[in-house]
Amino acid sequence: MTRLSGGLIDRNRPLKFTFNGTAYSGFAGDTLASALLANGVQLMGRSFKYHRPRGVFSAGSEEPNALVELREGARQEPNTRATVAELYDGLSARSQNHVGPLHRDLLAVNDLFSPFFAAGFYYKTFMWPRAFWEKLYEPLIRNAAGLGRLSMLPDPDSYDKGFLHCDLLVIGAGPAGLAAALTAGRAGARVILGDEDFHLGGRLLMESDLLDGAPAEAWVATVKAELESLPNVRIMTRTTVFGVYDHGIFGAVERVSDHLPEPGSTVRQTLWRITAKRSVLAAGATERHIPFADNDRPGIMLAGAMRAYANRWAASPVRQGNDAIAIFTNGDDGHRTARDLLAKGANLLGVIDTRKGAAAQGDYKVFDGAMVTGTKGRLGLRAIEITRDGQSSWHDAGALGVAGGWNPNVHLSSHHRGRPVWDEARLAFVPGQNGPAGMIPAGAAAGQGGTAQALASGAAGAIAALAEIGITAHPIALPTAKDASADQEAFWHVPGKRRAWVDFQNDVTVKDIKLAHQENMRPVEHLKRWTTLGMATDQGKTANVSALAVMAELTGKSLPETGTTIFRPPYTGVSLGVLGGGDTGKGFRPERLTPTHHWAKARGAEFVEVGPWMRAQYFPQAGERTWRETVDREVLAVRAGVGLCDVTTLGKIDVQGADAGEFLNRIYANMMGTLKVGMVRYGLMLREDGHLYDDGTCARLAEDHYVVTTTTANAGAVYRNMEFAHQCLWPDLDVQLISTTDAWAQIAVAGPKSRELLSRIVDGFDLSNEAFPFMACANLTVCGGLRARLFRISFSGELAYEIAVPARYGAALMERLMTRGQDLGATPYGTEALGVLRIEKGHAAGAELNGQTTAQMLGLGRMVSQKKDSIGAIMSRREGLAQEKRRLVGLKSLAPQTMAVSGAHLFEQGATRSMETDQGWVTSACYSPHLQGYIALAYLENGDARMGETLVAANPLEGTEVPVEVVSAHFIDPEGGRLRD
Amino acid sequence: MLIPHPLLGPRNAQEFTYLGDAQLLRRPDPQAPDAEAAFCDYVFQRSNPAGVHQELWFHEQGDRSWLVVTRNTVTHEILGAELACDVAKREGAQ
Amino acid sequence: MTDLSPITALGDAAPRQTSFGALTIQENAGLGLASLYLRKGQTAPAPFGMRLPEVSGAVQAGDYGAFWTGPGQWMIELPNRAEADVAALVLAEATEASVSEQTHGFVAFEITSKAGADPLEALLSKLIDIDTAALGPGRVVRTGLEHMTVFVIRRAEDRLAVLGMRSFAGALWHALETTCQRLESKT
C-alpha cells in the first residue's frame with residue numbers, strides 16, 4: 001500500500017474492487033485510478049499500436065493511457081477512463097488491448113517491429129497487391145486494432161433526456177466557476193453550474209493552497225451550501241457540458257448512476273439540452289508534458305496529476321512507499337509538486353529543471369539546466385537518466401512527474417470555429433475573441449490560472465455576462481488567495497534519437513512528427529490524419545500543443561503560424577445510448593391509433609404502419625390459411641353485401657369564412673366555389689409546378705363552411721400548404737383553417753346493401769336516392785341522437801357512404817353496424833381489401849399520385865379549370881405537361897398465375913428493353929377476386945388508344961416478364977351505375 | 001438553433017418546418033402575358049446564398065404561423081423574424 | 001340520448017389515473033373543446049363572459065376556460081360537457097366567429113402535484129423544451145413532446161394539463177407515465 005495521509009476520501013467507508021481479477025480495496029471518494037495507485041498498481045494497460053506497458057498519466061478526463069473495461073456482462077463498457085471512474089463497492093475492471101496477461105502481452109512483439117509501424121505505415125504498406133486488402137490485410141488489422149471490447153449484448157440500462165433554461169451557464173466548478181456562480185446566484189440570476197467531477201471545487205481540491213488561511217475545501221463547502229440554498233441556482237455535478245451549439249444551446253450529459261453498481265430503477269445517464277442566455281467557460285486547464293526518450297513507462301505521469309493524487313486522494317504514484325520520486329519541469333509548477341510531495345512525506349530524488357540556475361523552493365535537490373534523457377523499467381519505472389552539461393547519470397526512481405506548462409481548456413470556445421490565440425507570455429493558446437456568442441472564458445481556461453486570478457476573473461466574468469442581459473450583479477467578497485508562480489521557459493521536448501512519445505494513446509512519437517514533416521504533411525490537419533495524433537478517446541488533450549511545438553520547431557515557424565486544430569463536440573466521449581434519449585424499441589416513435597383500433601385488435605386484425613398510423617390491414621377468420629384468402633373474402637363481401645372500414649386517418653380540414661369558396665377555388669385545380677351546400681365534390685390539388693400532389697373530397701356543409709378531405713399520407717402537408725396559401729399568398733381573404741382529423745371517427749360503409757344497413761341506424765333520415773343522391777352530404781343524428789356527418793362517396797365503386805361520428809363513439813358505432821348488419825353480411829375490411837377495391841375501380845392512390853404525374857395522365861385533364869387561377873394551374877399548361885401522352889390504363893395478366901408487379905415497365909412484344917422502347921410502368925397491382933385474375937393499373941404511352949393491345953410487363957430486377965392485355969382502368973362498373981343508384 | 005418568433009419569443013428550431021427562400025411569398029400575376037415564364041422562375045429559381053438570406057419557416061409544433069426569418073446561413077446569426085402574413089400584406093399594399 | 005357507449009381516448013370505459021410520488025396524472029375525458037377563430041376584421045367576442053386571453057394566455061372563469069392557440073384563435077374549454085354539442089354552445093356565444101368542434105380531437109391529461117411547483121417543473125423539463133419561467137399559472141404553450149404536438153396549460157402552480165391529439169393518446173400516456181416514474185425513482 002502506498003496510501004498517504006489526509007485527502008478527500010472517507011476512510012470510514014472502505015470499498016472492495018477487482019482489477020484483472022485481483023481483489024483490492026479503496027475508499028469512498030476514490031477513483032479507480034487513485035485506488036489502484038494507492039494499492040501500488042502502476043501498470044494499467046497496453047498502448048494502442050506498440051502494446052507498450054502503460055500506467056495512469058493524468059488525474060482527469062484527459063487520460064490517454066488508463067483505459068479499462070468496466071463492469072461485467074451486458075454492462076461491460078470499454079475504454080472507460082480509470083481517472084474518472086468513481087469507485088463503488090464491487091467494482092470490477094479489466095485492462096485492455098493485450099493478448100494473454102497484462103504483464104506478458106503477446107502482441108508486445110509489435111514494439112520490436114516499431115520501425116515498420118511508423119506514421120503512414122498503413123497507407124503505404126497495404127496498398128499492394130490490391131486484392132489482398134479485403135481478404136487479408138483488413139481482417140488482420142481489424143483484429144489487432146481497437147482498444148476495449150464491446151459486450152455484444154443489448155444495453156440493459158435506460159437513458160433520459162431533458163431541457164433546461166437559464167440566464168447563465170457556468171461550465172466548470174473550480175475557483176473561477178464557483179466565484180461566477182456565486183456572484184450570479186446572489187444577483188438573482190438563474191444559474192446552472194455544471195462540472196464533470198463528483199465534487200465541486202475543481203483544481204482547488206487538488207492543491208494545498210489555503211483560502212482565507214484555511215484548506216480550500218472549507219471555502220468550497222461554504223459556497224456549495226449557499227448555492228444549494230438559492231432556488232435560482234441548479235448545481236449539476238457528474239455533468240459534462242460537451243458541446244456548444246447555435247444561439248446559446250449546449251449539450252450536456254449527466255452521469256446519473258454511473259457511480260452506482262447498477263442504476264436500479266433510475267436511468268443511467270441523462271442528455272440535457274441547455275439553453276443559456278450567457279455562459280462562463282471555467283473549464284480549467286490541462287497540463288502538458290515534455291517528450292523525452294522512453295517517457296511512456298508506468299510511473300511517469302503529469303506532475304500536476306501526481307500532486308492531485310497526493311493531495312486529494314492521498315495516493316502515492318510509486319509501487320512501494322520508499323521508492324524515490326523525481327520531477328522533470330521547465331518551470332516553477334514542478335517545484336509546487338515537489339513541495340506538496342515532501343509535505344506528504346515522499347522520498348524525493350529531486351527536481352530536474354531545464355532552466356539554468358533554477359533554485360530549490362524547499363528542502364530537496366535541484367538539477368538545474370538538466371533534462372531527463374532516458375528511463376528503465378519494463379513494467380514500471382525503475383531508473384531515470386539525468387543529463388546536465390553533457391554529463392549523464394542514472395538514478396533509481398519509482399515515479400517521475402513531468403511538468404511542461406498548462407494548456408487552457410479552450411475546446412468549447414472553439415466549437416463555432418472560434419480560433420484560440422497564442423499567448424507568448426503564458427506559452428499557451430487562450431480563447432480568442434471570435435468564440436461562441438455570449439460566452440466569456442474565465443479562470444485557467446482563459447489563462448488566468450492562479451487561484452486569486454481565477455476567483456477574480458470568474459466573478460468578473462459573471463458580472464460582465466449578466467450586464468449584457470440587463471441583470472446587475474455586484475462584486476462579492478472573495479477569499480484571500482495566492483497566485484502560485486507560473487514562471488517557465490519554452491522547452492518543448494528533449495532532443496534525442498530514441499523514441500519520445502508525444503501522443504500516448506495513439507503511440508505517436510517525436511520521430512513520427514519528423515517523418516510527417518519529411519513527407520510534407522505539415523499543416524496541422526494533415527499532421528493529425530497522417531500520424532493519427534490527437535485522435536481516439538482523449539482527442540489529444542495532453543498531446544496536441546506539444547506536437548504543434550515540435551512541428552513549429554521543424555518548420556522554423558512560430559507556434560501560432562503552425563496553427564491549432566479545430567475542436568469539435570463532444571469535449572469527451574458521449575455514449576450513443578444517451579444520445580438516443582428516453583425510449584427504445586416500440587416507444588421510440590409514437591403511434592397514432594384509430595378510434596376502432598382496440599375493437600379491431602380484439603377481432604384479431606393484423607395491422608400495418610401507415611406513417612405514424614397503425615391501420616387494420618385485414619381481419620383473418622378461423623380456417624383462413626393465407627392473407628390472400630382473407631382479403632379475397634373481404635373484397636367479395638363488399639361487392640356482394642356491405643363492408644365496413646375505418647377511414648379516420650384521412651385528413652379533415654375545416655375551411656370556414658366568407659371567402660372559403662374563393663380560397664378553395666385557388667387551392668383545388670377544379671372549381672369548388674360553385675359546389676352546392678349539402679354536396680361533395682372530388683378535387684385535385686396540384687403543386688405550383690403543375691404536377692398532382694393530393695386528391696380527395698370536399699364537402700360544403702354551409703355557405704361559409706367546407707370540409708376538405710386529404711389522403712392519409714399528405715394530411716400534414718396539405719394543411720401546411722393551405723396555411724401557406726392563406727398567410728403568405730392571399731392574406732386578405734376571410735378564411736379560417738382548422739384541422740379536425742382526430743375529432744371525427746369516419747367509417748366507410750360500402751356495398752350494395754350499405755343503404756339498407758345505414759337506414760337501420762339513422763334517426764328518421766331519408767336515405768333514398770332522390771333525397772340523398774350520390775355525392776350528397778348532411779349533418780344528422782344516428783343511434784338515438786348521436787351527432788353525425790354522412791357523405792355519399794365511394795372509393796370502392798359500389799353504392800357507398802362514409803359516416804363520421806365523434807371519435808369516442810367510433811368503436812361503438814362500428815360494433816353497432818356489425819350487429820345490425822349481420823343478416824346483410826356486414827364485414828369489416830382492412831387496407832388490403834381497400835386497395836383491391838380501388839384498383840378494381842381504377843381509382844388513384846399514392847402510387848398513382850407519386851409527385852411525377854399529372855391530371856391528364858389520370859384521365860382527369862379536363863378537371864383542371866381553364867377559367868380560374870389556382871395553385872399549379874399556369875405551370876400545368878406548359879408545353880411539356882400539356883403534351884403528356886401517358887394515360888392511366890388497366891392491365892389484365894394473360895398468364896393466369898402471375899402478377900405484373902408494381903414498378904414493372906411496359907414494352908411491346910419482341911421489342912428490345914431500353915429507355916427508347918419503354919411504354920410506361922405499372923403503378924399498382926393485385927389479385928382481383930371479382931375478376932378471378934391478376935390485374936394492375938399502369939401509365940401507358942397513348943394509353944387511351946391502345947385498348948386490347950398485348951404488352952409485356954418486365955421486371956428486370958427479378959428477371960420476370962408477364963404478358964398483359966391493356967383494358968380500361970375501370971374494371972368494375974365503368975358507367976358508374978352502382979354509385980348512383 | 002432558436003427562432004425568435006415575433007409573438008412567442010425564442011423557440012427551438014425543431015418546432016418549425018423549413019421551406020426556404022422567402023421569394024415564394026411573391027407569387028407572379030397569373031394574368032400577366034409572360035405568366036408562364038414568371039412562374040417558371042418562381043418555382044425553379046430560388047436563391048440559396050452563403051450569407052444573409054430571407055427564409056420561410058412554419059411553426060408546425062406551435063401557433064401555425066408562417067414566418068419570414070432573416071438568417072445568415074454562414075454564421076447562423078438570426079437578424080430578425082416577422083409574421084409572413086404581415087410581410088405579404090405590406091407587399092400587397094405597395 | 002344515444003344508446004352507444006363512448007370509450008376514452010385510451011380505449012377504456014373509464015378515464016385512467018395513476019400516481020408517482022407527488023404527481024398524479026388523470027385523464028380528463030369530460031373536457032368539452034371547441035376552437036374559436038375570428039373572422040377577418042372581427043373584434044374578439046367574450047364567450048361565456050370571458051375576456052379572451054392575450055398571446056400565450058389561458059383563463060378560467062367558473063365553468064369555462066379559454067386559451068390562446070394562434071393569432072386570432074383560441075380553444076374554449078367546457079369541463080364536464082364532452083357529451084354536449086360544444087361547437088354549437090360556443091357558436092351561440094360568438095355568432096360571427098368560425099367555430100369547430102374539437103372535443104373529440106384531443107386527449108387531455110390533468111397533472112397535479114402534492115408538493116407544489118417543483119415536481120411539475122421537473123417533469124416539464126424532461127418533456128418539453130420550454131422555459132418553465134415562461135409557463136407560470138395562466139400560461140399556455142403549444143410545442144413538441146416526443147415528436148407529438150401538444151398544448152401544455154399551466155392551470156395553477158401545482159396543476160397543469162397536457163392536451164395532445166386523440167390518436168396519440170396511448171403514446172402520450174406512455175411518455176408521461178415513464179417520465180413520472182423515472183422522476184419518482186430518482187428522488
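The model is predicted. Over all chains it holds 21 aromatic pairs, and two of these are described below, one in chain B and one in chain C. In chain A, an open sheet of five strands is parallel in its pairing, whereas strand 1 of chain A has an antiparallel partner in strand 2 and a parallel one in strand 7.

**Aromatic pair in chain B**

- Tyr18(B) and Trp57(B) form an edge-to-face pair, with 4.9 Å from centre to centre and 75 degrees between the planes.
- Tyr18(B) belongs to strand 3 (residues 17-21) of chain B and Trp57(B) to strand 4 (residues 52-58) of chain B, so the pair ties together parts that are 39 residues apart in sequence.
- Tyr18(B) is partly exposed, at 40% relative accessibility, whereas Trp57(B) is buried, at 6%.

**Aromatic pair in chain C**

- The ring centres of Phe109(C) and Trp173(C) are 5.4 Å apart and the planes stand at 55 degrees, so this pair is tilted.
- Phe109(C) comes from strand 8 (residues 106-113) of chain C and Trp173(C) from helix 3 (residues 169-186) of chain C, so the pair links parts that are 64 residues apart in sequence.
- Both Phe109(C) and Trp173(C) are buried.
- Trp173(C) also has Arg16(C) over its face, at 5.5 Å from the ring centre.

**Aromatic residues in chain A**

- One aromatic cluster is formed by Trp422(A), Phe429(A) and Trp492(A).
- Tyr50(A) has the charged end of Arg499(A) over its ring, 5.0 Å from the centre.

**Five-stranded open sheet in chain A**

- The strand order is 17-24-18-19-20, and the pairing is parallel.
- Strand 17 (300-302) and strand 20 (366-368) of chain A are the edge strands; each has a single partner strand, so one side of each is left without a neighbour in the sheet.
- From one strand to the next, the twist averages 20 degrees.
- Three bridges join strand 17 of chain A to strand 24 (residues 399-403) of chain A in the parallel sense, and Met301(A) stands opposite Gly401(A) of strand 24.
- Helix 7 (residues 303-313) of chain A packs on the sheet and touches strand 17, strand 18 (325-329) and strand 24 of chain A; the direction of helix 7 makes about 90 degrees with that of strand 17.
- Helix 8 (residues 332-343) of chain A also packs on the sheet, touching strand 18, strand 19 (348-353), strand 20 and strand 24 of chain A; the direction of helix 8 makes about 165 degrees with that of strand 18.

**Strand 1 of chain A and its partners**

- Strand 1 (residues 10-19) and strand 2 (residues 22-28) of chain A are antiparallel and pair over seven bridges, with Thr18(A) opposite Ala23(A) in strand 2.
- These two strands of chain A form a hairpin with two residues between them, and Asn20(A) in the turn has a positive phi of about 50 degrees.
- Strand 1 of chain A runs parallel to strand 7 (residues 91-95) of chain A, joined by three bridges; here Phe17(A) stands opposite Leu91(A) in strand 7.

**Annotated region in chain A**

- UniProt, in an unreviewed entry, lists residues 886-973 of chain A as "domain: Aminomethyltransferase C-terminal".
- In the model, residues 886-973 of chain A are 0% helix and 50% strand, and the end C-alpha atoms lie 23 Å apart.

Technical notes: Residues numbered from 1 in each chain as written. Chains lettered and ligands numbered in written order. Predicted model: local features only at pLDDT ≥ 70, side-chain atom pairs only at ≥ 80, totals over all residues. Heavy atoms only, no water. Phe/Tyr/Trp six-rings, centres within 6.5 Å; stacked < 30°, edge-to-face > 60°. Helix = DSSP H or I, 4+ residues; strand = E, 2+ residues; numbered from the N terminus. Buried < 20%, exposed > 50% of the residue type's maximum accessible area, 1.4 Å probe, protein only. Lys NZ or Arg CZ within 6 Å of the ring centre and 35° of its normal. UniProt positions renumbered as here; feature names shortened; annotations may be inferred. Pairing = 2+ DSSP bridges. Axes fitted to C-alpha atoms, helices over the stretch in contact; angles between N-to-C directions. Contact = heavy atoms within 4.5 Å.
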